[in-house]
Amino acid sequence: MTPGPVEVDPRVLQAMSRSILGQFDPAFTAIMNDTMEGLRRVLQTQNQWAYPIDGTSRAGIEAMLCSIIEPGDRVLIPSFGRFGGLLAEITERCGGEVHMIHTEWGTVFAPDTIIAAIKETEPKVVAMVHGDTSTGRIQPLQEIGYACREHDCLFIVDAVATVGGTDVKTDDWMIDGLITGTQKCLSVPSGMAPLTYNHRIEEILMERKSIEQGLVTGEQEELNHQRRIRSNYFDLSQLQEYWSPARLNHHTEATAALYGLYEGLRLILEEGLEQRFERHRTNERALVAGIEAMGLTLFGDPGCKLPTVTCVEIPEGINGETVRAMLLEDFAIEVASSFGPLHGKIWRIGTMGYSCQKKNVLQTLAALEAVLLRLQVKIPAGEAVQAALDVYKQVEYEKVSH
């Protein structure tokens with residue numbers, strides 16, 4: 001029950017155990033094509049390019065940023081948690097000129113604040129996180145996307161913690177480049193970072209395109225020198241050639257991982273996006289009701305709470321790591337701590353993907369209550385699970401009445 005990695009559907013594990021196909025086998029390239037189409041539907045985009053980077057979520061973020069940011073490019077990064085700092089670090093390593101704005105952890109930005117910063121800095125890129133798991137907050141994006149398009153800057157979004165668990169409208173929010181990860185709400189093992197980008201980013205990739213030296217011909221040689229993307233492995237201009245009908249060799253595709261992503265996307269689409277988002281909302285409501293019934297305090301502004309992560313303030317006088325250890329050792333339930341200024345101050349409970357189930361929520365509440373009672377914390381015994389059950393009953397009633 002962490003904010004990732006989460007449990008994996010048995011169908012995904014079964015798919016990943018299938019025989020390995022060659023990376024140019026027509027059966028495998030058909031899976032690649034179907035995976036791209038599944039990603040378009042899950043990411044709610046008509047973009048031609050929607051494919052995974054082999055590597056964890058961070059690999060996708062680095063591929064996107066290093067492929068479009070050149071030395072001296074101004075990049076605005078509104079940060080409301082740990083992962084805004086990650087975007088800044090990668091940008092700096094690409095030679096970009098970072099302009100960061102901050103808000104208190106546990107809150108997000110008013111869109112006007114970001115729009116004012118866009119007008120002031122005139123960046124080439126605005127890069128920000130959609131849902132930051134370190135604080136459990138979610139940033140509204142639509143107005144920011146419109147402003148980026150109006151001011152002709154690229155809008156890059158880290159949606160690692162949100163895709164598959166809550167609404168992410170790539171096209172409607174005018175997101176130019178979006179990155180997610182498999183190990184959170186997609187509920188596939190860590191190791192792939194699906195991303196998508198539109199024609200505005202593709203134009204930059206084509207301007208910076210190079211051909212690997214082992215594949216280059218004489219007439220193409222000068223492409224290797226001007227504005228070349230610094231990373232070979234994360235060069236989107238080369239990677240998209242492998243995912244295109246040309247199938248130009250780059251690196252050997254992570255076959256079993258792609259099987260898992262393909263099956264994970266099928267599961268999401270079988271469930272239906274809205275039904276899946278509703279499942280996440282329901283289990284979040286039940287978890288929150290149980291936490292509050294225990295008399296515990298939720299961290300952060302409730303108006304911008306991330307539906308897939310619930311942050312709980314650790315009660316005064318309690319060692320949060322002791323509680324986490326007892327949950328894991330005695331109940332086989334893992335919850336997370338946090339980072340930086342929140343380390344040792346909150347627990348983070350994930351309700352993501354396959355882990356986001358009624359039985360898991362009820363077991364987590366019962367176990368947390370038992371551990372706190374064992375540690376002599378004064379909480380009302382038996383109330384947490386009952387409060388969660390009340391939510392589930394109310395949801396069922398609402399479904400029937402509608």
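Helices α12 and α13 are roughly antiparallel to each other, a term for angles over 145 degrees. Their axes come within 8 Å and cross at roughly 160°, the axes being lines fitted to C-alpha atoms over the stretch in contact, with angles from 0 to 180 degrees between N-to-C directions. Helix α12 spans residues 358–374 and helix α13 residues 383–401; helices are DSSP runs (H or I) of at least four residues, numbered from the N terminus.

The model is predicted, with local features requiring pLDDT of at least 70 and side-chain atom pairs pLDDT 80 or more, whereas totals for chains, interfaces and linings use all residues. Residues are numbered from 1 along each chain as its sequence is written, and side-chain values use heavy atoms, without hydrogens and water.

Aromatic rings of Phe, Tyr and Trp (its six-membered ring) pair if their centres lie within 6.5 Å, and planes over 60 degrees apart count as edge-to-face. Eight aromatic pairs are counted by this rule. The ring centres of Phe-83 and Phe-339 lie 6.3 Å apart with planes at 80°, so this pair is edge-to-face. The two residues are 256 residues apart, Phe-83 being in helix α4 and Phe-339 in the loop between α11 and β11. Phe-83 is buried at 18% relative accessible area, and Phe-339 is partly exposed at 28%; buried means under 20%, exposed over 50%, and partly exposed in between, for a 1.4 Å probe and protein chains only.

Note on methods: Phe/Tyr/Trp six-rings, centres within 6.5 Å; stacked < 30°, edge-to-face > 60°. Parallel < 35°, antiparallel > 145°, perpendicular 65-115°, else oblique.
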